[in-house]
Amino acid sequence: MSEFPSHAAHVYEAEAFWVTSGANQGDGLDVAGHCEPGDVYQLDRDAEPLRLMLHTQDIEGRQTVAEQSDIGRPGDRIELRARHVLIAPDGDTVVVLLIRHLESQRDYALPLSPIAPRIDYTLIEAHEDAGTARLSDLVCVAFTTGTQITLAGGAQRPIETLQPGDRVLTRDNGPQPLRFVGKATMRALGGFAPVVIGAGTLGNEGDLVVSPHHRVFLYQRGQNRLGDTAELLVQAKHLVDGEHVWRREGGYVDYYALVFDHHEIIYAEGIPCESLLVSEATLKLLPEDLAAEVRTRLPGLNQHPHFGTEATRAALDQIGRNTIFRKRDKE
């Protein structure tokens, strides 16, 4: 099982995330005292993400620049300056950290979940205290401790007990050997807070707790379905309704990612869910040590994503989540 000794984050020049409407129109992201709730920010359409490799220097969690970073040199110091909470047009909250590269005295915006150019993000909170969020946190497609994974013979085992070579039941290819297990421990803050799919919501016996971007697989029946296929893939965060599916913030969370020879649909708490997709594009987003280990253990592995209709939050808002949830208010 692999731990992450150094970590990749993607940041933007602070000036590239700027106020397009509001009291501070024209200003880039700044410390909390210089920001005004209600201002609308956009990421400049020409903004290029910079790869920031980070290393935890000591037990107190101080962060320094690691090798192969687009910013600074190894050993340079990084400081958290502020934490901003914004809301996107689809209702998702986005946490953006303001960080400073101390050697150059330059500020950068570090989004804790993906942001897109030319989209309005309205500032709702600005905090001088950035809290205990670690810059080494990264978005991953993963399950949490205790998740029951279905094996080849039908038995279930907690994900933390799985090892490479264990045969796991897949929806499309039957029993398949597990090739790699990755683990990351991070704070359940903002975009990294796990999503809880309550017991019974999708036919699951127990709560299924996954990372926000993890996609679950749903088979659509009947005429009223999304897209052109019966197979529907939906990110866990898009299922959140505050009642049957919700975000769990606070404390730490252990995330486990599973890799197979192919991008598979496996069963977690009885719910079909995707495994970690490995491709050159995703490897570039992983911590360098982890990406190197995957390349060494699984040379040439370049998976194609599982086929299916990708469900957006807007589409689920339109049809109503109760059309896919098995749990009903009357129950």
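Me: Among contacts in the chain between residues at least 6 apart in sequence, what percentage join residues at least 24 apart?

Reply: The figure is 65%. Keep in mind that this is a predicted model.

Me: What does the secondary structure of the chain come to, and how many of its residues count as buried, as a percentage?

Reply: There are 24 strands and three helices. The chain has 331 residues, and 51% of them count as buried. Its accessible surface comes to about 15,300 Å², with 47% belonging to carbon and sulfur atoms.

Me: How do I read a pair of strands, and which sense do S7 and S8 take?

Reply: Start with the general idea: side chains in a regular strand alternate between the two faces of the sheet. In this structure, S7 (residues 93–101) pairs with S8 in the antiparallel sense, over six bridges.

Me: What do S7 and S8 form, and how many residues lie between them?

Reply: They form a hairpin, and four residues lie between the two strands. In the turn, Gln105 has a positive phi of about 60°.

Me: Is strand S8 mostly covered or mostly uncovered?

Reply: S8, residues 106–111, is mostly covered, with five of its six residues buried.

Me: Next, aromatic rings. How many aromatic pairs does a search of the whole structure find?

Reply: The search finds two. For each pair, read the distance between centres and the angle between planes; planes under 30 degrees apart count as stacked. The rings of Phe17 and Tyr41 have centres 5.4 Å apart and planes at 25°, so this pair is stacked. Phe17 belongs to strand S2 (residues 17–21) and Tyr41 to strand S3 (residues 40–43), so the pair ties together parts 24 residues apart in sequence. Phe17 and Tyr41 are both buried.

Me: What is the geometry of the aromatic pair formed by Phe17 and Tyr121?

Reply: That pair is tilted, at 6.1 Å centre to centre with 55° between the planes. It links distant parts of the chain, since Phe17 is in strand S2 and Tyr121 is in strand S9 (residues 121–127), 104 residues apart. Tyr121 is buried, as is Phe17.

Me: Which residues form one aromatic cluster?

Reply: Phe17, Tyr41 and Tyr121 form it.

Me: Are Cys35 and Cys273 buried or exposed?

Reply: Buried means under 20% relative accessible area. Cys35 has 7%, so Cys35 is buried. Cys273 also counts as buried, at 0% relative accessibility.

Methods. Residues numbered from 1 in each chain as written. Predicted model: local features only at pLDDT ≥ 70, side-chain atom pairs only at ≥ 80, totals over all residues. Heavy atoms only, no water. Buried < 20%, exposed > 50% of the residue type's maximum accessible area, 1.4 Å probe, protein only. Pairing = 2+ DSSP bridges. Phe/Tyr/Trp six-rings, centres within 6.5 Å; stacked < 30°, edge-to-face > 60°. Contact = heavy atoms within 4.5 Å. Areas by Shrake-Rupley, 256 points an atom, 1.4 Å probe, with all protein chains shown as cover.
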